[in-house]
Amino acid sequence: MKLRRLRIEQFRQFRDPLEIRSLDGGINLFVGPNESGKSTVVRAIRAAFFERSRSSSVDDLQPWGDSSAAPSVQLEFEWQGKAWKLSKSFLKTKRCDLEVAGQVTSGEEAEGLLADLLGYQFSGRGASKAEHWGIPGLLWIEQGTGQDIHGPVTYAGSYLKSVLGESLGEVASSAGDELITQVERERAVLLTAGGRPTGDYAKANQLLTETKDRLHELDTAITHYRQQVDRLGELRKQQEQDASKPWRSYREQATQAQERLAEVQRWELDQQREEKELQDCLKSQELCRDQLAHFAKQQEDLAQRSREKQRAERALGEIQARRTAIEDQLAKAQQLYQQAETALKAARQTEQRRTLERESIQLSREMGELADHLGKSRELQQQLLRRRAQLQAIRIDAASLKRLQALYRQLDELEIQGQSVATRLEFDFEPGKSLLLGDENLTGHGQRLLLEPVELNIPDVGRLRIQPGGEDTGDLARRRQAAQDSLNALLAELKVASLSEAETLVENRRTLEEDLRRDELVLSTLAPRGVEDLASRLDLCRQRQQELSSQLTALPAAGSDDTSVTAAESRLKAAGLQLKEAEQSNAQFERELSLAHQAMLSADEEWQKLHNALQDGTRQQRERELNGQLVALRASQAALEASVDERKRRIAAANPGFLRQDIERYTRTADAMEQDAQRRELELASLQSRLDALGADGLEERRAELAQEMDALARRCKEYDRRAGALNLLLELLKAKRQELTRRIQAPLQRHLNHYLQLLFPEARLHVNEDLIPELLERAENGASTHADFSSLSFGAREQMSLISRLAYADLLKEAGRPTLLILDDALVHSDEYRRTQMKRILFDAAQRHQILLFTCHPENWHDLGVAPHHMQSLKMNGAAG
């Protein structure tokens with residue numbers, strides 16, 4: 001088949017006519033950029049063959065925005081020495097004319113003639129699709145689909161086998177297909193594709209099954225009839241027993257169990273109430289024990305402070321006993337020093353006087369500074385003692401304050417709850433009028449919140465008893481009273497009257513603690529080693545000043561003493577060291593004595609404070625009250641525990657769980673017995689009427705007739721079974737023969753594939769399956785054979801193998817005397833330079849046998865194809881080429 005001329009008008013982008021003439025019988029190369037009309041030309045050729053002229057589903061063929069256009073295509077080609085001319089227009093002018101060697105056919109007859117010639121079919125409805133394109137769909141590659149071979153071969157498979165198998169016998173040709181199709185039709189009358197019966201065969205089987213089911217139903221009905229007769233006798237006997245209504249006794253037992261359960265439930269409510277009272281009693285005991293433990297702790301603290309006071313007195317006595325020895329040692333040292341000093345004065349009278357005067361001045365300055373520090377230190381020390389005493393007097397701390405605040409919050413919350421659930425009594429009396437509410441005389445106007453029952457006395461009328469309605473009012477009142485008692489106990493313990501007073505005391509405590517830390521810091525700066533150390537140093541300075549004054553006064557006039565200065569200084573130095581040691585011992589003694597005395601005074605003061613607190617009458621009275629309250633609570637606890645235990649035993653003995661089960665069991669038993677009696681009565685009436693009806697139906701006669709009908713149906717189904725088995729066997733034999741001949745078709749296809757493949761992959765082999773689809777590429781690499789599935793090849797390799805396969809199919813078709821035309825729209829765009837060069841050789845070889853239309857937007861890749869290209873821009877400008 002050689003395409004010679006193509007004319008397109010009002011077709012997509014070609015509003016004006018485009019004509020291509022004098023096409024070469026081999027390769028025809030069409031080049032142009034994107035959107036230049038290459039794919040439109042390919043679409044026109046496909047539409048000329050694949051689309052019916054009368055189709056209304058080809059709107060895409062019209063120029064954009066021109067719904068009045070009538071797209072048209074004219075093709076002229078040669079086949080078997082005859083000239084063929086196809087003229088087809090769509091949409092507005094629907095027409096198809098085919099002229100073959102001067103003979104013209106039109107419409108569907110012309111379209112059918114072309115379909116038979118090229119091997120494709122038309123869509124039954126709508127636009128043509130890939131599954132309709134047959135052999136042209138295999139040989140004509142659309143843009144972007146060159147790598148896909150499986151679908152096109154599948155859709156063209158039946159045409160390929162029909163055309164290529166004509167010379168291999170009847171089974172491999174179209175006649176063989178008709179024979180297989182006829183057997184399949186005969187088989188389809190009896191069996192589905194999956195082998196299940198259908199048609200009359202299925203109906204016969206269904207009828208046989210239904211007849212068997214009906215026979216089984218009759219057998220079941222006969223058996224059921226006999227069982228119902230027996231059941232009728234049983235029901236009549238049971239109905240006689242139901243006349244006495246035996247379920248009444250069970251209902252009476254259920255009522256008795258319900259009354260007993262109600263009594264036990266009242267016990268359980270009393271038990272819950274007393275258990276709550278017992279818990280409250282235990283909590284109250286715990287509070288009493290805590291307060292008594294606090295009092296006991298104070299007694300222990302008093303004994304500890306008494307012991308500390310005695311230790312301080314003993315320590316003071318021991319220090320005072322050392323006074324005589326210290327004073328004697330100091331006197332001896334002073335005497336020795338005076339003697340040494342007298343001896344030295346004679347030698348160093350002038351120098352000594354100047355030295356003594358300088359030392360006297362220095363001592364005066366030091367004494368002034370020490371006196372100032374000592375005064376301030378003693379004042380701070382007294383202030384610290386006062387503030388410590390004040391801090392000791394404040395018994396409340398932050399933790400106690402938090403407890404107190406929590407109790408106040410609890411009382412506030414209970415008060416709010418009380419206001420929400422309490423009964424509100426509002427009154428407004430005339431002047432001079434009053435009523436007695438409980439123990440309170442009400443006058444004027446106001447309101448009262450009632451949480452507990454109270455009586456309102458109305459003179460000359462009587463009394464009104466007001467009962468608060470809320471279920472929780474009693475419990476709320478008890479909780480509020482318990483909270484108030486806890487608050488009062490804590491206020492008494494802390495010796496405050498209110499929360500504000502407690503908060504003030506805590507704030508005062510914090511202020512005192514800060515003042516103490518500040519005064520201690522200042523005192524440590526003024527007297528790093530203590531106030532007594534300052535006093536001792538001042539005393540030493542004063543003594544030294546007195547000594548210097550005495551020495552200055554006692555210094556004699558310069559005499560004629562021969563004692564050497566060195567010897568006098570040595571004696572004076574030794575005496576001075578001895579005197580200094582004695583003075584230091586005396587100063588240390590004085591400090592220790594002062595500290596011991598201060599410690600004794602402090603211990604005595606702390607003991608006295610605690611002793612006074614313990615002797616306070618209010619505290620002793622509170623302790624006695626707590627002990628009495630604890631005894632009463634223990635007695636109440638014992639009584640409550642005994643009552644709870646006794647009631648628990650009674651409840652356990654009554655076993656309310658079993659009572660509930662008894663109620664349910666007796667009630668359900670009575671209900672079941674009564675329902676059974678009613679059901680039996682209904683069943684008896686229904687059964688009697690059914691038996692009367694069945695007795696008149698003649699079940700045994702109907703069964704005999706149905707058995708004869710079933711035997712006839714069984715013989716008919718057996719005949720269908722034999723025919724279906726024979727057709728199955730025949731179809732298997734025909735398909736096996738057809739498969740064997742299909743393998744014989746693969747041999748020439750494989751030969752043509754190898755012819756092209758050697759140019760691309762020497763010593764390679766492309767295997768095809770029984771459906772003539774490429775599936776495996778076998779190559780020799782480094783002396784070894786490798787295999788690769790077709791689907792696993794790269795995109796470019798699949799595109800190359802697909803084109804080689806299409807060329808091989810074209811060679812087979814040509815050998816079989818069928819027309820061939822290859823259209824390649826932008827094919828081999830994913831091939832590298834080497835592969836593309838080899839594919840050009842393959843295409844050039846194929847062009848010796850087939851006409852090829854190749855469309856590309858990369859003309860530089862095809863300049864060495866050996867043909868002059870058709871430029872789309874030139875074709876559009878000139879309107880014709882040739």
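This is a predicted model: local features need pLDDT of at least 70, side-chain atom pairs count only at pLDDT 80 or more; totals for chains, interfaces and linings use all residues.
Start by selecting Ser249, which sits in helix α7, residues 247-320; helices here are DSSP runs of H or I with at least four residues, numbered from the N terminus. Ser249 is partly exposed at 34% relative accessible area, where buried means under 20%, exposed over 50% and partly exposed in between, with a 1.4 Å probe and protein chains only.

Residues are numbered from 1 along each chain as its sequence is written, and side-chain values use heavy atoms, leaving out hydrogens and water.

Next, select the largest pocket's central residues: Ser284, Leu287, Ala482, Asp485 and Ser486 are the closest to its centre, out of 28 lining residues. A pocket, on a 1 Å grid over the protein atoms alone, is an open set of points with protein on both sides within 12 Å along at least five of seven lines, and lining residues have an atom within 4 Å of a point. Its volume is about 770 Å³, taken as the space filled by probe spheres set on the points, which are joined across faces, edges and corners. By class, the pocket lining has 10 nonpolar, 8 polar and 10 charged residues; Ala, Val, Leu, Ile, Met, Phe, Trp, Tyr, Cys and Pro count as nonpolar, Asp, Glu, Lys and Arg as charged, and the others, Gly among them, as polar.

Now for the largest nonpolar core, a set of 95 residues. Such a core joins buried Ala, Val, Leu, Ile, Met, Phe, Trp, Tyr and Cys residues through side-chain atoms within 4.5 Å. Pick Val41, Ile45, Phe49, Phe77, Met801, Ile804 and Leu843, which touch the most other members. Helix α18 (residues 795-815) brings the largest share of this core, 10 residues. Zoom in on Ile804: beyond neighbours within four places in sequence, its contacts (heavy atoms within 4.5 Å) are Leu753, Tyr756, Leu757, Leu760, Met839 and Ile842. A second, separate core has 37 residues, including Leu384, Leu407, Leu526 and Leu534.

Leu526 leads you to the last stop, helix α12 (residues 499-526). Among its buried residues are Leu499, Val506, Leu512, Asp515, Asp519 and Leu526.

Methods: Helices (H or I, at least four residues) and strands (E, at least two) are DSSP runs, numbered from the N terminus. The expected span of a helix is 1.5 Å times one less than its number of residues. On a 1 Å grid over the protein atoms alone, a cavity is a set of points where a 1.4 Å probe fits but cannot get out, and a pocket is an open set with protein on both sides within 12 Å along at least five of seven lines; lining residues have an atom within 4 Å of a point.
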